[in-house]
Amino acid sequence: MPPVLRLRRNPSPPPPPPVPLVRAPRHVAIIMDGNGRWARSRGKPRLAGHRAGTENIRRVISRFADYGVEYLTLYAFSTENWERPPYEVRGLMRLLSYFLKREANELHKEGIRLLHIGDLSPLSPRLQDQIRDAIELTKNNTRMTLAIAFNYGGRAEIVEAVRRIAADGVPPEQVSEGLITAYMNTAGLPDPDLVIRTAGEMRLSNFLLWQSAYAEFCSVSACWPDFDSPHIDDCLLAYSQRRRRFGGLLPDETDEAPSFNGHHANGRAHADEPPRDNGRNGHSA
Ligand code: FPP
C-alpha cells in the first residue's frame with residue numbers, strides 16, 4: 001500500500017489565488033492520463049503509476065480549491081477500462097477503496113462534498129457501500145464538490161438517460177436539452193468550463209460528452225502523477241484568456257464594433273486579449 005495521503009491541515013485563511021486570473025472556471029473536469037507511461041519510464045509496474053496517480057489527487061484538489069474552483073470531476077475508471085487485464089482492474093478498484101478509506105474524513109474536514117458519477121452496480125457491494133457512505137458523510141459540504149467518475153462512460157450515460165426518459169413516458173415534444181441534462185448523472189452540476197487531459201493526449205475518450213459541448217480544452221504533456229501546481233496555474237491562466245463565444249460573437253467582434261476596420265488595434269486579435277505571441281492564448285469557434 002502507498003503511504004497515507006497528506007492533507008494540508010487547517011487551511012485557514014485560504015490563500016489568495018496563486019496566479020491572479022481575470023476569470024476562473026467554476027467546474028474543471030480532468031482526464032487523468034499517463035499513469036502507465038509514468039510507471040514504465042521508471043521501470044515500474046503499471047499499478048505503481050496508478051498508486052502515484054492516486055497520491056497526486058489530494059494536492060490537485062487543494063490547488064484548485066485555492067483558486068475557488070467549485071466543482072472538480074476526475075475521470076478515474078471508464079466503462080471501457082474493464083478491457084484492461086484483471087489484475088489492473090482489481091488494482092484500480094482497490095485504489096478507489098483505499099482512497100475513500102483514507103480520504104473521506106479528510107475531505108469532509110476540508111468542506112468537500114463527494115459525488116460519484118457512473119454505474120455503481122458492477123462494483124463489489126463493499127466498494128459500493130464505501131462510496132455511498134462517503135457521499136452521505138460529505139453531502140452538506142459547500143467548499144467544493146469532488147465528483148469521481150468511476151465506471152463512467154458518456155455514451156452509456158446518454159443511453160441510460162434516454163431509457164429513463166422513455167420509461168417515464170415523457171412525450172417527444174417535451175424532450176429538450178434541459179430535460180436530457182436533468183436525466184444525466186451530473187444533474188445539478190454546472191457543465192464543465194474546462195476539461196484538462198494529461199500525458200499530451202487530445203481526446204475526450206467518452207468523458208462528459210453531453211456536458212462538455214462548450215468546454216474549453218487544455219492538454220498537458222506531463223503524466224498524471226507529475227501533474228502539479230505549475231501545470232494547474234498554466235491551464236487556469238490559459239482558460240482565463242480564452243474568449244468564450246458559445247457559437248455567438250462577443251460585442252467587439254461584430255462588423256459594427258468600433259474597432260472594426262479590417263485590423264484591430266495594437267496588432268491584437270481583440271482589444272482585451274494579450275498579444276498573439278505569448279503562446280498561451282486559445283481561440284474558440
Ligand atoms: C489513465 O492512465 C488512468 C486511469 C485509467 C486510471 C486513473 C486512476 C487513478 C489516478 C487512481 C484511481 C482513482 C481514484 C479516484 C482513487 P493509463 O494507465 O491509461 O496511462 P497510459 O496511457 O500511460 O497507459
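**View 1. The largest nonpolar core of the predicted model.** The largest nonpolar core in this predicted model comprises 58 residues. Those with the most contacts inside this core are Phe64, Leu72, Leu74, Tyr75, Ala76, Leu146 and Ala149. Leaving aside residues up to four places away in sequence, Tyr75 touches Ile30, Ile31, Met32, Ala149, Tyr152 and Phe207.

**View 2. The packing of helices α2 and α3.** Helix α2 spans residues 46–66 and helix α3 spans residues 86–109. The two helices pack at an angle of about 25°, and their axes are 10 Å apart. Because angles under 35 degrees count as roughly parallel, α2 and α3 are described as roughly parallel to each other. Their crossing is right-handed. On the α2 side, Arg46, Leu47, His50, Arg51, Thr54 and Ile57 take part, meeting Glu88, Gly91, Leu92, Leu95 and Phe99 of α3.

**View 3. The surroundings of Pro25.** Pro25 lies in the segment before β1 (27–31). Pro25 counts as buried because it has 27 C-beta neighbours inside 10 Å, where 20 or more are required. Not counting residues up to four places away in sequence, Pro25 touches Val69, Asp193, Leu194 and Tyr239. Glu216 is 191 residues from Pro25 in sequence, yet their C-alpha atoms are 9.7 Å apart in space.

**View 4. Confidence along the chain.** The mean pLDDT of the protein is 88, with 84% of its residues reaching 70 or more. Over residues 1–11 the pLDDT is below 50, and this stretch has 15 contacts in the model beyond near neighbours in sequence. Residues 263–285 also stay under 50 in pLDDT, and the model has 34 contacts for them beyond four places in sequence. Where pLDDT is low, predicted coordinates should not be read in detail.

Conventions:
Residues are numbered from 1 along each chain as its sequence is written. This is a predicted model: local features need pLDDT of at least 70, side-chain atom pairs count only at pLDDT 80 or more; totals for chains, interfaces and linings use all residues. A nonpolar core is a set of buried Ala, Val, Leu, Ile, Met, Phe, Trp, Tyr and Cys residues joined through C-beta atoms within 7 Å. A residue is buried if 20 or more other C-beta atoms lie within 10 Å of its own, exposed if 12 or fewer, and partly exposed in between; C-beta atoms are placed from the backbone. Two residues are in contact if their C-beta atoms, placed from the backbone, lie within 7 Å. pLDDT is the predictor's confidence in each residue, from 0 to 100. Axes are lines fitted to C-alpha atoms, for helices over the stretch in contact, and angles run from 0 to 180 degrees between N-to-C directions. Helices (H or I, at least four residues) and strands (E, at least two) are DSSP runs, numbered from the N terminus. Angles under 35 degrees count as roughly parallel, over 145 as roughly antiparallel, 65 to 115 as roughly perpendicular and the rest as oblique. A crossing is left-handed if the near helix is turned anticlockwise from the far one by less than a right angle, and right-handed if clockwise.
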